Amino acid sequence: MTRTMDYYEKQNNHPNHGVHNTDVGVSYTPSTDSPGLCAFILTIISYLLIIATFPFSLCLCVKVVQEYERAVIFRLGRLLKGGAKGPGIFFIVPCIDSYRKVDLRTVSFDVPPQEVLSRDSVTVAVDAVVYYKIFRPVDSVAVVADYSHSTRLLAATTLRNVLGTRNLAEILSERESISATMQSSLDDATDPWGVKVERVEIKDVRLPVQLQRAMAAEAEAAREARAKVIAAEGEQRASRALKEAAEVINESPAALQLRYLQTLGQISSENNSTIIFPLPIDILTHFLRKNNTESKEDD
């Protein structure tokens with residue numbers, strides 16, 4: 001008999017007592033050993049009190065939970081079989097039963113800005129928002145003391161760990177990848193608590209003021225360099241076009257006369273106050289020939 005009692009004490013004091021592994025993680029199950037004689041007597045007395053004070057005792061026995069809530073019931077400190085109750089009406093036994101409501105709706109919270117040293121030794125302040133919900137109410141009550149506070153602390157720690165493995169360029173350009181990595185890590189870590197992390201989003205990345213100025217100067221210099229290259233390419237194309245135009249005009253003297261008249265038309269339409277005296281091209285050609293003849297005679 002003594003060996004049997006020692007065996008049950010070891011089983012009850014085992015750290016994994018009441019916890020078993022499932023496909024979705026660690027799940028808490030109620031203990032199967034007998035509650036004892038004292039618990040049995042208290043249960044009988046409670047039922048007698050309910051019968052004696054009926055129907056007034058219904059005010060204490062009947063409870064209601066909403067569609068988005070579940071009730072986890074403990075009887076004399078032990079988890080009641082059958083899992084969480086709800087939605088709708090459920091019954092408890094006063095004096096020996098206690099229950100806790102668990103909200104199954106999606107909850108969001110802001111991760112405080114975390115100053116992180118990136119892989120390339122740049123200090124950045126990053127904040128995020130996390131969305132989670134409870135999908136195993138019993139585990140959220142029996143496995144972890146405060147699932148909300150624990151999830152918040154774990155989210156802040158995970159944000160720092162993930163960003164510490166990325167450089168600044170990746171933090172600025174790969175927000176979706178960082179969010180997916182955080183969501184996967186948080187979901188795996190909170191699964192034993194009955195918490196499902198649905199979404200993680202990076203809200204803002206704050207850089208030091210000096211780094212912002214340096215990046216702005218670098219971007220401005222890059223824009224100026226591109227502008228100079230584009231201007232040089234334009235000048236090159238324009239010079240080629242002018243060369244081709246000069247060759248065409250040289251082959252056809254009448255084209256020069258037409259261009260001369262077109263220029264006069266443009267000047268007269270844009271500057272009405274300007275007085276223009278047309279000069280025939282033949283006169284200039286005569287003077288050019290005369291100058292060429294005189295220069296040859298001097299030679």
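Analyst: This is a predicted model, where local features need pLDDT of at least 70 and side-chain atom pairs count only at pLDDT 80 or more, while totals for chains, interfaces and linings use all residues. Residues are numbered from 1 along each chain as its sequence is written, and side-chain values use heavy atoms, leaving out hydrogens and water.

User: How far is the backbone oxygen of I50 from a polar atom of the side chain of S57?

Analyst: I50 lies in helix α2, and S57 has its place in the loop between α2 and α3 (58–61). Helices here are DSSP runs of H or I with at least four residues, numbered from the N terminus. The distance from the I50 backbone oxygen to the polar side-chain atom of S57 is 3.0 Å.

User: Is I50 buried or exposed?

Analyst: Buried means under 20% relative accessible area and exposed over 50%, with partly exposed in between (1.4 Å probe, protein chains only). The relative accessibility of I50 is 17%, so I50 counts as buried.

User: Is S57 buried or exposed?

Analyst: S57 belongs to the loop between α2 and α3. Its relative accessibility is 6%, and therefore S57 counts as buried.

How values were computed: Helix = DSSP H or I, 4+ residues; strand = E, 2+ residues; numbered from the N terminus. Polar contact = N/O pair within 3.5 Å; in protein donor to acceptor, adjacent residues only side chain to side chain.
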